[in-house]
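Please look at the sequence and the model shown below before reading on.

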Amino acid sequence: MTATLLPEHFDFIQKAKIGCEINGLWPIGQLDRLADLLLDETGELQAEVSFGQEGPLRYVIGKVTAELGLTCQRCMQPMKYPLHIEFKLGLITNEQQAEKLPADFEPLLVDDENMSLPAVLEDEILLAMPLVAMHDYDCSDYLQTQKDQQQQDAEKQQEKENPFSVLKDLLK
Ligand SMILES: [Zn+2]
């Protein structure tokens, strides 16, 4: 994990020609379109991005991880959605170039010498947002009994995994 902020605006084509790796974080609250969809906009996204060139292909590939504060659509309580996305974008300067991209690359139209990297990452996150976010456990009142049961089981499991209880067992 790095604690440096991503560079915000720069020339994508130039960076791809040179080739470079960019790692850093960006406050989620500064991504307005994303923050509008969130219950809790605190925290940062973490990004690892490489710019490069291979033959005629200029690309930016990378991955983003973030914990998004959403509302669970089952119990309407807050939840943290762990987001992990990977993307491969081919830089194009006109629409026709999109057809020449390798099949596993999505086109990214570079129409400005001063593109915003956080905005591009935000686009990728918006595409990957769950339509309906729900806790990964049964959180509805209807299933409360099962939930309690699961919790008890989990606690039992935790007891088992607790090194001190193992120690206790050894000392018996
Ligand atoms: Zn829930």
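In what order do the 5 strands of the open sheet lie? The order is β2-β3-β4-β5-β6, with mixed pairing; here helices (H or I, at least four residues) and strands (E, at least two) are DSSP runs, numbered from the N terminus, and two strands pair if DSSP finds at least two bridges between them. At the edges stand β2 and β6, each of which pairs on one side only. This is a predicted model, in which local features need pLDDT of at least 70 and side-chain atom pairs count only at pLDDT 80 or more, while totals for chains, interfaces and linings use all residues. Residues are numbered from 1 along each chain as its sequence is written.

| Strand | Residues |
|---|---|
| β2 | 20-27 |
| β3 | 44-54 |
| β4 | 57-71 |
| β5 | 78-92 |
| β6 | 106-109 |

Strands β2 and β3 run antiparallel and are joined by 8 bridges, and Cys20 stands opposite Phe51 in β3.

Helix α3 (residues 117-128) lies across β2, β3, β4, β5 and β6 and runs at about 120 degrees to β5, where axes are lines fitted to C-alpha atoms, for helices over the stretch in contact (C-beta atoms, placed from the backbone, within 7 Å), and angles run from 0 to 180 degrees between N-to-C directions. Its buried residues (20 or more other C-beta atoms within 10 Å of their own, against 12 or fewer for exposed ones and partly exposed in between, with C-beta atoms placed from the backbone) are Leu117, Pro118, Leu121, Glu122, Glu124 and Ile125. Seen down the axis of α3, these buried residues fall within an arc of 160 degrees, taken from the directions from the helix axis to the C-beta atoms, so they line one face of the helix. The face of α3 turned away from that side carries the exposed residues Leu126 and Leu127.

Terms used: Two residues are in contact if their C-beta atoms, placed from the backbone, lie within 7 Å.
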